[in-house]
Amino acid sequence: MASLVRHLTFDCSDAYSLAQFWAAVLDGKVTDEDSPGDPEALVIAPGSALLFVAVPDAKTVKNRVHVDLQPQDRSRDEEVERLVALGATVVADHRVPDGRGWVTLADPEGNEFCVERSLAERDAS
């Protein structure tokens, strides 16, 4: 059997705070074993697990790997608004007039990720 992805790991400066942000994004949960100040924090969410590890280095360049999110119960634009309210910032807007496209955001520590159209929006086009 081939290997499976156990979780995606993010280097960061504050593992617990960033894990809390991503838990809210994914409607997941930071594990009970993690607490503020810990060097690692794990988020378990439907279909994914993200591990945040505190490192001394600051982020200096664009991510080589990023997460693409597809909203499940709202539109892409509604999800972008929700994520900005949680603390994300818009990095680039790739939406086009016909409704296609995506929005690139950054989490509170600058890690880029994208929000694509929901399945319902894809089916409608």
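Tutor: H1 passes H2 in a right-handed crossing, a crossing being right-handed if the near helix is turned clockwise from the far one by less than a right angle, and left-handed if anticlockwise. The model is predicted, so local features need pLDDT of at least 70 and side-chain atom pairs count only at pLDDT 80 or more, while totals for chains, interfaces and linings use all residues. Residues are numbered from 1 along each chain as its sequence is written, and side-chain values use heavy atoms, with hydrogens and water left out.

Helix H1 covers residues 15-26 and helix H2 residues 76-86; their axes lie 10 Å apart at an angle of about 155 degrees. H1 is therefore roughly antiparallel to H2, a term for angles over 145 degrees. On the H1 side, Phe21, Ala24 and Val25 make the contact, and on the H2 side Glu79, Arg82, Leu83 and Leu86; contact means heavy atoms within 4.5 Å. Of these residues, five are nonpolar, none is polar and two are charged.

The largest nonpolar core has 24 residues, and Trp22, Phe52, Leu83, Leu105 and Phe113 have the most contacts inside it. Such a core is a set of buried Ala, Val, Leu, Ile, Met, Phe, Trp, Tyr and Cys residues joined through side-chain atoms within 4.5 Å. H1 gives the largest share of this core, eight residues.

Arg76 lies in helix H2 and is buried, with a relative accessible area of 4%, where buried means under 20% (1.4 Å probe, protein chains only). Beyond four places in sequence, Arg76 touches residues including Trp102, Glu116 and Glu121.

Conventions
Axes fitted to C-alpha atoms, helices over the stretch in contact; angles between N-to-C directions. Helix = DSSP H or I, 4+ residues; strand = E, 2+ residues; numbered from the N terminus. Parallel < 35°, antiparallel > 145°, perpendicular 65-115°, else oblique. Nonpolar A, V, L, I, M, F, W, Y, C, P; charged D, E, K, R; others polar. Buried < 20%, exposed > 50% of the residue type's maximum accessible area, 1.4 Å probe, protein only.
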